[in-house]
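Please examine the structure shown below with its sequence at hand. The paragraphs that follow lead through it step by step.

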Amino acid sequence: MSFLRSFNILVVSDEADKLYRIFDLIGINFKKPQSSRDFKSFTYYDIAFLDIDSDGWEKRLYELKQYMPVIAFGKSDINKAVEAMKLGATDFLIKPLKNDQILSIFEKFKNYPKVEIPGLIGISKIMEEVCCGIKKAALTDSNVLITGESGTGKELVARAIHNLSDRKNNQFVVINCSAIPDTLLESELFGFERGAFTGATYTKKGLIEWAHGGTVFFDEIGDVSPLFQTKILRVIQEGEFIKIGGSHPVKVDVRIIAATNQDLIKACKEGRFREDLYYRLNVIHIELPPLRNRKEDIPILTEFFIKKHASKRKDLSVKGITEEALESLMNYSFPGNVRELENIIERAIAFTESSEITVKDLPSYVLKPHSSKKSTFPSNLKEAIESYEKELIWQALQKSKGNISKAAELLGIHRQQLQRILKRFKIAV
Ligand SMILES: Nc1ncnc2c1ncn2[C@@H]1O[C@H](COP(=O)(O)OP(=O)(O)OP(=O)(O)O)[C@@H](O)[C@H]1O
Ligand SMILES: [Mg+2]
């Protein structure tokens with residue numbers, strides 16, 4: 001039997017050569033480190049086999065499991081096997097290892113994704129580690145807490161975990177926690193039975209029930225009320241809830257992913273967030289770093305967003321960005337992270353008059369005062385006013401989500417007047 005997919009396997013054992021010989025014998029296509037000098041960083045490997053008959057295996061297991069599934073193996077010792085599984089091993093095999101046992105392990109992992117995650121762009125080391133976290137989380141049913149500043153991609157990561165997991169064919173239900181007032185909480189989350197209260201003329205399924213077999217994504221979990229916290233803790237702990245007017249608990253099978261841009265540890269210390277809930281959610285933690293800490297991702301993200309939005313210009317084919325404009329982006333701090341970069345590119349595509357985005361197409365706040373070269377500085381008052389006009393129009397269009405009438409209203413001008421200006425500036429909406 002031969003696996004098309006090649007595995008990068010890390011074996012941590014005095015008997016590593018023996019294992020590699022078995023992999024060879026049973027036809028597994030793999031790469032192994034040639035010598036200890038050849039040892040790659042953990043993110044390079046797809047799977048690890050860890051011998052737990054060696055000293056310090058617990059610490060090793062803790063390190064490895066952050067990056068890849070770990071198959072523990074050792075002598076027949078039930079206590080140790082249980083401990084290894086508790087510490088996060090994905091499987092346990094008893095020595096001497098049998099070919100068919102190893103085969104079944106690889107069979108299980110053959111569709112296991114490589115580090116690349118569809119739709120998640122990035123080449124930085126940090127993003128590679130995020131991808132490893134996603135891969136690992138997708139393999140389990142453990143709850144996940146995703147933290148990071150606004151616009152860093154928390155929802156994108158949550159969806160990626162769902163889409164790569166066994167739950168992918170069931171619902172991914174987003175619950176925007178801060179949008180549900182306490183008065184509607186139970187009805188929204190758990191639903192109600194017909195006749196539960198005046199006006200309950202039908203039985204309503206709550207969001208949690210919709211997610212049965214799938215994933216619930218609690219967005220902005222740091223902002224929820226004490227009541228909300230208590231209600232969801234029960235679902236997490238018991239795997240069940242009671243509908244309004246219901247007489248018995250409804251069992252649900254859901255994986256919970258939560259996201260926040262707040263410091264939950266601080267919130268726990270200040271008594272704003274339940275510590276027990278925090279620990280229940282934070283089984284796997286994925287931290288999304290701000291874009292300014294992974295600047296090497298900016299060029300590839302820029303290219304990706306140009307391709308994504310280029311089709312919005314019917315009169316022009318925007319293909320790239322000048323070196324100077326990219327340099328300005330590289331020097332910018334992106335308080336709004338990836339979402340802000342996407343916005344800037346979308347805006348530049350609407351404004352540009354050439355097939356390459358230039359510095360002139362970027363918003364003025366991106367350009368640092370000291371780096372604004374002669375060519376970027378408006379040469380006369382007319383140009384300066386036009387640039388300001390463009391900025392205001394863009395902001396109004398952003399706010400109105402591209403609706404020209406609404407944007408005109410925000411700007412205090414007539415719709416036809418705005419249309420004429422858009423035409424003059426060759427802005428495509
Ligand atoms: N690594 C990435 N590759 C491609 N697109 C990304 C990446 N990170 C974020 N984005 C895009 O940036 C936008 C913001 O991402 P997302 O909504 O997931 O962020 P968020 O962290 O949930 O933000 P907020 O805290 O404001 O809710 C989305 O359009 C998303 O597709
Ligand atoms: Mg979000």
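**From a buried glutamate to the helix pairs**

Glu209 is buried, because its relative accessible area is 17%, and the limit for a buried residue is under 20%. The model in which this residue is seen is a predicted one. Glu209 belongs to helix H8, which covers residues 207-210. Apart from its neighbours within four places in sequence, Glu209 is in contact with Leu189, Phe190, Phe241, Lys243, Val250 and Val252.

The discussion now turns to the nonpolar residues. In soluble globular proteins, nonpolar side chains tend to be buried together. In this model, the largest nonpolar core has 31 residues, of which Ile175, Ile208, Phe218, Ile221, Phe228 and Phe273 touch the most other members. Two or more residues of this core come from each of the strands E7 (172-176), E10 (215-219) and E13 (255-260), and likewise from each of the helices H7 (185-190), H9 (226-238), H10 (264-269) and H11 (275-281). Helix H9 supplies the largest share of the core, namely five residues.

How do helices H12 and H13 pack against each other? Helix H12 (residues 298-309) and helix H13 (residues 323-330) pack at an angle of about 120°, and their axes are 10 Å apart. The two helices are therefore oblique to each other. Their crossing is right-handed. On the side of H12, the contact is made by Ile298, Pro299 and Thr302, and on the side of H13 by Leu326, Leu329 and Met330. By class, five residues of this contact are nonpolar, one is polar and none is charged.

A second pair is formed by helix H15 (residues 381-399) and helix H16 (residues 404-411), which pack at an angle of about 125° with their axes 8 Å apart. Because of this angle, H15 is oblique to H16. H15 passes H16 in a right-handed crossing. Leu392, Ile393, Ala396, Leu397 and Lys399 of H15 meet Ala407, Leu410 and Leu411 of H16. This contact of H15 with H16 has seven nonpolar residues, no polar residues and one charged residue.

Is Gly412 buried or exposed? Gly412 counts as exposed, because its relative accessibility is 65%, and exposed residues are those over 50%. Between Gly412 and Lys231 there are 181 residues in sequence and 46 Å in space, from C-alpha to C-alpha.

Note on methods
Residues numbered from 1 in each chain as written. Chains lettered and ligands numbered in written order. Predicted model: local features only at pLDDT ≥ 70, side-chain atom pairs only at ≥ 80, totals over all residues. Heavy atoms only, no water. Core = buried A, V, L, I, M, F, W, Y, C linked by side-chain atoms within 4.5 Å. Buried < 20%, exposed > 50% of the residue type's maximum accessible area, 1.4 Å probe, protein only. Helix = DSSP H or I, 4+ residues; strand = E, 2+ residues; numbered from the N terminus. Axes fitted to C-alpha atoms, helices over the stretch in contact; angles between N-to-C directions. Parallel < 35°, antiparallel > 145°, perpendicular 65-115°, else oblique. Left-handed = near helix turned anticlockwise from the far one by under 90°. Contact = heavy atoms within 4.5 Å. Nonpolar A, V, L, I, M, F, W, Y, C, P; charged D, E, K, R; others polar.
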